[in-house]
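Here are my notes for anyone opening this model for the first time. Have the viewer ready and follow the points in order.

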Amino acid sequence: MLLKIVWKNIWAKKLNSFLCILLMMFGISIISLLINIGNQLQDKFSKNISGIDMVVGAKGSPLQLILSGVYQIDAPTGNIPMSELQSLQMNPLVKQVFPLSMGDNYQGFRIVGTIHPYLKHFEADYAEGVGFKTNMEVVIGSTVAKKLKLKLNDSFASSHGLEKEGEAHGDKKYKVVGILKSNNSVIDNLILCNLNSIWEIHEHEDVEMHEGEAHEEKQNITCALVKFRSPMGLMTIPRLINQNTQMQAALPAIEINRLFELMGIGIDAFKALAIAIMLISGISVFVTLYNALKERKYEMALMLSMGGKRLVLFFMLMLEGLILSISGFVLGIILSRIGLFLASRLLDQNFNFNLHLTMLQKEEIYLLIAALLVGIFAALIPSLGIYKINISKTLAND
Amino acid sequence: MLQTNSLKFSYQNSQVFSFPDICCSSKETLLILGNSGTGKTTLLNLLSLLLNPAEGNVNINNINTSTLNEKTRTDFRAKNVGIVFQKPYFVNALNVSENLVLANYLGNYPIDKQKAAELAQNLGFHHLLSKKVQELSGGEQQRVCIARALMNSPKVIFADEPTSALDDENCEKVADLLEKQSQIIGAALIIVTHDYRLKTRFSNQITL
């Protein structure tokens with residue numbers, strides 16, 4: 001009966017209740033969306049960074065170098081000759097160098113020429129098949145396999161550039177020899193082959209276009225990921241490279257921090273906006289309940305005269321506020337999941353980057369508590385008015 | 001069923017009302033008459049336990065209500081007292097039937113929809129049970145209020161100016177209904193009024 005009264009009262013004030021819920025919904029969904037996207041981006045970014053201490057590539061924006069080399073989302077800065085890497089590989093402070101050569105794609109997925117240790121670095125595991133051994137053999141990431149429905153021994157021709165619409169290298173075809181298990185890192189979205197495959201494809205073109213050029217010059221790579229043996233490497237080598245060579249060295253940790261700082265300003269602004277919306281929702285609950293109590297003063301006095309306890313009526317009004325804020329919360333979480341799904345599709349189309357539809361995050365539990373607090377505080381003052389009602393005076397007043 | 005002993009009451013520092021002793025047994029009707037400002041409504045509030053007297057006491061069903069504390073008095077009122085207020089007050093979000101069973105709920109009785117339907121039949125608003133209370137006419141609202149006062153079969157029924165807003169025909173009807181229904185449940189009926197139409201009808205009267 002009590003719940004019925006609460007429900008009927010909410011329903012009797014459809015527009016007011018709708019406004020309260022709507023405001024709460026938007027506040028919650030914006031914050032929840034920010035939390036989810038922020039968490040997943042950070043998770044993905046830090047997972048892919050792990051172990052990579054430095055990236056060397058052509059001169060240009062260091063952030064771009066990191067984004068293209070480590071995360072495979074931005075365009076590469078340019079090419080560097082393979083020979084430049086040799087001195088780096090000899091350096092005793094350097095543990096490992098993974099050369100990466102890119103520039104072609106198949107259906108929007110990047111084809112990256114590299115060496116086997118690169119796969120080992122990401123702890124790649126084969127779902128089917130084996131690693132690439134000879135030229136034109138490729139290993140594909142799980143997302144690539146799923147999206148393009150590629151199977152073992154399928155073959156395809158790559159196209160030039162990093163976008164889908166590129167000039168096709170029709171005469172040489174890649175053959176799938178291995179498919180990787182999904183491991184939630186950047187290689188899920190890559191087609192991997194040896195460096196020679198890339199060179200072979202472009203050698204052909206180069207010969208056609210610039211006949212007679214020296215042979216060594218074509219052994220270019222896009223960038224190289226470097227792991228150091230000790231932090232000493234971090235101190236000395238980047239400066240050495242930036243001063244003495246045509247290449248630039250970028251440190252992922254620093255660049256990504258910078259990126260998050262830049263994004264953080266935007267995220268903070270959004271969060272402030274969302275909190276403001278939530279507060280307005282609280283005020284709207286307050287005004288609704290406060291007016292309701294004024295209008296329903298007679299009802300309350302009537303119920304009191306009929307044997308209603310003040311405590312019960314107090315909880316009845318509190319419940320109204322809480323139901324409004326909780327339904328706002330639930331709808332907000334649902335909306336944020338829908339938003340997440342849409343954002344995921346958008347990112348997927350543009351960057352082959354997936355967001356997961358997660359269960360309730362830890363931060364969202366705090367959000368629920370915040371929503372409850374807003375509801376409680378907004379309902380508290382009007383609800384306390386129950387204790388001020390003088391039954392006989394209220395009912396006798398004409 | 002209802003007796004009072006030297007009731008006195010005063011609003012903050014203003015005049016002191018002292019009321020004559022009142023006695024009314026079950027199935028009887030007592031009319032309390034008086035002009036405005038003579039404390040009719042105050043007396044009704046004292047009798048129906050909405051106000052506490054400064055002196056004296058009210059006995060209902062042979063229980064001295066001044067011995068009850070706040071909480072038990074509320075329960076006692078819900079179970080033993082039915083009030084028809086001067087104005088028809090309702091919980092507006094609920095429909096007619098729900099407003100009736102609200103009395104059961106607040107009085108801690110099981111919800112009795114059948115009783116609500118029976119009373120509605122007797123008082124002639126059976127067809128209005130699922131309507132919103134705001135959609136009813138003044139006379140209909142008054143009858144719903146009477147039915148609500150009867151829902152818990154109280155020992156005493158108080159009616160505060162139940163006929164002041166009604167025309168002669170409806171006045172007669174409402175007086176009939178009140179008298180008949182309180183006799184059916186064996187309750188004492190106390191009507192506070194300045195309506196002279198009722199004066200000729202009920203002989204048992206007290207004038208303040």
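**Notes on the model**

1. Let's begin with Lys8(B), which is partly exposed because its relative accessible area is 30%. For these labels, buried means under 20% relative accessible area, exposed means over 50%, and partly exposed is in between (1.4 Å probe, protein chains only). The side chain of Lys8(B) meets that of Glu55(B) in a salt bridge, at 3.8 Å from N to O. A salt bridge here is a side-chain nitrogen of Lys or Arg within 4 Å of a carboxyl oxygen of Asp or Glu. The pair links distant parts of the chain, 47 residues apart: Lys8(B) is in strand β1 (residues 2-10) of chain B and Glu55(B) in strand β5 (residues 55-60) of chain B. Glu55(B) is partly exposed as well, with a relative accessible area of 45%. Helices (H or I, at least four residues) and strands (E, at least two) are DSSP runs, numbered from the N terminus.

2. A word on the ground rules. This is a predicted model, where local features need pLDDT of at least 70 and side-chain atom pairs count only at pLDDT 80 or more, while totals for chains, interfaces and linings use all residues. Residues are numbered from 1 along each chain as its sequence is written, chains are lettered from A and ligands numbered from 1 in the order in which they are written, and side-chain values use heavy atoms, leaving out hydrogens and water.

3. Next, the other salt bridges. Over all chains, a search of the whole structure finds 17 of them. Have a look at Arg296(A), which pairs with Glu320(A), the closest N and O atoms being 2.8 Å apart. That pair also links distant parts of the chain, 24 residues apart: Arg296(A) is in the loop between α9 (252-295) and α10 (297-305) of chain A, and Glu320(A) is in helix α11 of chain A. Arg296(A) also forms a salt bridge with Glu299(A), at 3.6 Å from N to O. Arg296(A) is buried, with a relative accessible area of 6%, and Glu299(A) is buried at 4%. Glu320(A) is buried too. In chain B, Glu172(B), Asp176(B), Glu179(B) and Arg201(B) are linked in a network of salt bridges.

4. Which residues have the most contacts inside the largest nonpolar core? They are Met300(A), Met303(A), Leu47(B) and Phe125(B), in a core of 97 residues. Such a core is a set of buried Ala, Val, Leu, Ile, Met, Phe, Trp, Tyr and Cys residues joined through side-chain atoms within 4.5 Å. Leaving out residues up to four places away in sequence, Met303(A) touches residues including Ile5(A), Leu313(A), Val91(B) and Leu106(B). Contact means heavy atoms within 4.5 Å.

5. Now the surface of chain A. A nonpolar patch of about 840 Å² is made by residues including Phe26(A), Ile326(A), Leu335(A) and Leu357(A). Helix α11 (residues 310-351) of chain A gives the most to this patch, with 8 residues. Ile326(A), found in that helix, counts as partly exposed at 35% relative accessibility. Patches are made of residues with over 30% relative accessible area and no salt bridge, with like charges joined within 9 Å and nonpolar side chains (Val, Leu, Ile, Met, Phe, Trp, Tyr) within 5 Å. The areas come from the Shrake-Rupley method with a 1.4 Å probe, and for residues only the protein chains shown count as cover.

6. On domains, chain A is divided into domain 1 (2-45 + 263-397) and domain 2 (54-250), with bounds from an automatic or database domain assignment. Their C-alpha centres lie 50 Å apart. The contact between them takes 6 residues from domain 1 of chain A and 8 residues from domain 2 of chain A.

7. Finally, two backbone spots to check. Most residues other than glycine have a negative phi. Lys149(A) has a positive phi, near 50°, and is exposed at 65% relative accessible area. Leu49(B) has a positive phi too, near 65°, but is buried at 4%.
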